[in-house]
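Dear colleague,

Please keep it in view as you go through them.

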Amino acid sequence: MQFTLEHTDTATDARAGRIMTDHGEILTPIFMPVGTLGSVKGVHATELKDEVKAQIILGNTYHLYLRPGLQTLREAGGLHKFNSWDKPILTDSGGFQVFSLADNRKLTEEGAKFKSHIDGSKHLFTPENVVDTQRIIGADIIMALDECTPGTADYNYAKKSLELTHRWLDRGIKHFDETEPLYGYSQTFFPIVQGCTYKDLRAQSAEFVASKEREGNAIGGLAVGEPEEVMYEMIEVVNAILPKDKPRYLMGVGTPINILEAISRGVDMFDCVMPTRNGRNGMLFTWDGIINIKNKKWENDFSAIETNGATFVDTTYSKAYLHHLIKCGEMLGAQIASIHNLGFYLALVTEARKQIINGTFREWKQRMVIQLAQRI
RNA sequence: GGGGAUGUUGUCCAGCGGCAACGACAAGAGACUGUAAAUCUCUCCUCUUUCGAGUUCGGUGGUUCGAGUCCACCCAUCCCCA
């Protein structure tokens, strides 16, 4: 993997860059659709590529490890072949499941013990074996195993948690460097900054992560219960320390506004379930703000979903029709909403990149932040 | 003509003397941030922000401190036998 920083904004910390992988190029800032189980829910690979214009998608180690399992993934020749996505893939390590499945896991020095949410079977994830699993999945970007600390954790917990994450990081890196990719293309390993909402811990973690000199770095443990302003503050603390010539990935974030605010603070990569999950639940992100398409007011609005939308669904279907589909629980409704939202997210970061290169990002962002917050 | 069953708040339905009345669905609104989410939450007789108040269970009378629940008659619907 290789990152080229092409433009640095003068008015903000925003950057435009380009990541080269063996599965192709990624222009940053970038949003990466989430495909937990190897599928971006409701969206075909062709739609992702041709309509949404996704450049890289996510997979999840925990979920793919449980199903279909390593043997199938190995025999398939990796996830790219399995799900017919020939562009880059990034896999989360299972660190988020340490957070979201908190009731079904136990942390030890060795790793995270999970009780499968599917059949209750017990599994141990270690910093080493999640690297092996991600090698088997064939991810272009492999994430370190971390503890995604809740945003409400107290200082002592956050500190201990961070120290564990750091020890796990050293083990993960060592193991990554001692192993080889399985399918003939290169893989890279991103460490993750934690530290909850504590500036000194964040700074300490950023220093630690930066010292590992990996090809890219991630910021985790944000948008997990803390106020948005605190999240922005943490990003500032961390990005002041993380190297400028490496891409910075803010994990799991966020709303369109979160993304613009983070771009302006120097973040290059994002992923979030919002466009797909919220889309399935009737929330549409548009250039003019947020639409709850389930609301009665759309019942007889036959105008395009979004006249200047990014994908074919925007002008092929009307708001009234999408309202109808979602209200009726029709699968097509979820698909249309997901394609629309993902198309919007990708268009948003593409436009951000353009504005950065033009030197107009700051003003544009200020306008957008107001516009995107509107409820239509 | 004879016998039997049933009528409950949008719909289906529960309710067997203390009830503004269970549940499901529908409807309206909200939530959702490295996906245990095509999920979850709230509202859903009227008025009130809350407390609460006022009207309700096919109809009319009655028994009772108290009736959707018990009794009488009436009305309507369904089933069976003629």
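Predicted model: local features only at pLDDT ≥ 70, side-chain atom pairs only at ≥ 80, totals over all residues.

Chain A contains 15 helices and 17 strands. Its radius of gyration is 20 Å, close to the 21 Å that the globule rule gives for 376 residues, so chain A is as compact as a globular protein of that length. The C-alpha trace spans about 60 × 50 × 40 Å along its principal axes, and 50% of the 376 residues count as buried. Among the contacts between residues at least 6 apart in sequence, 70% join residues that are at least 24 apart.

As to the interior, nonpolar side chains in soluble globular proteins tend to be buried together. The largest nonpolar core here has 99 residues, and those with the most contacts inside it are Met32, Ile57, Leu250, Ile259 and Phe270; helix α14 gives the most to this core, with twelve residues. Apart from that core lies another, of five residues, including Ala153, Leu162, Cys196 and Leu201. Leaving aside neighbours within four places in sequence, Leu250 is in contact with Ile219, Leu222, Ile235, Ala262, Val267 and Phe270.

Two elements can be followed residue by residue. Strand β4 (residues 30-33) is covered on both faces, with Ile30 and Met32 buried on one side and Phe31 and Pro33 buried on the other. β4 pairs with β15 in the parallel sense over four bridges, and Phe31 stands opposite Phe270 of β15. Helix α10 (residues 256-264) is mostly covered, since eight of its nine residues are buried, among them Asn258, Glu261 and Ser264; after α10 comes Gly266, whose phi is positive, near 95°.

Gln194, in the loop between β12 (192-193) and α8 (199-211), counts as buried because it has 30 C-beta neighbours inside 10 Å. Beyond its neighbours within four places in sequence, Gln194 is in contact with residues including Asp146, Glu147, Thr149, Ser161 and Leu162.

Turning to RNA strand B, which of the 50 residues around it come nearest? They are His117, Cys148, Gly252, Gly254 and Val273. By class, the surface near RNA strand B has 17 nonpolar, 21 polar and twelve charged residues, and β5 (57-60), α5 (95-100), β15 (269-272), α11 (274-280) and α14 (331-358) each supply at least two residues of that surface.

Finally, some backbone positions deserve a look, given that most residues other than glycine have a negative phi, and most peptide bonds are trans. The peptide bond from Val253 to Gly254 is cis, with omega near 5°, and Gly254 is placed in the loop between β14 (248-250) and α10. A cis peptide bond also joins Arg67 and Pro68, with omega about 10°; Pro68 is found in the loop between α2 (61-66) and α3 (70-76). Phi is positive at Ser84, near 60°, in the loop between α4 (79-83) and β6 (89-92), and positive at Glu213, near 50°, in the loop between α8 and β13 (217-219). Ser84 counts as exposed because it has 11 C-beta neighbours inside 10 Å, and Glu213 counts as exposed with 11 such neighbours.

With best wishes

Conventions
Residues numbered from 1 in each chain as written. Chains lettered and ligands numbered in written order. Near = placed C-beta within 6 Å. Nonpolar A, V, L, I, M, F, W, Y, C, P; charged D, E, K, R; others polar. Buried ≥ 20, exposed ≤ 12 C-beta atoms within 10 Å, placed from the backbone. Rg over C-alpha atoms; globule rule 2.2 N^0.38 Å. Contact = placed C-beta atoms within 7 Å. Core = buried A, V, L, I, M, F, W, Y, C linked by C-beta atoms within 7 Å. Pairing = 2+ DSSP bridges.
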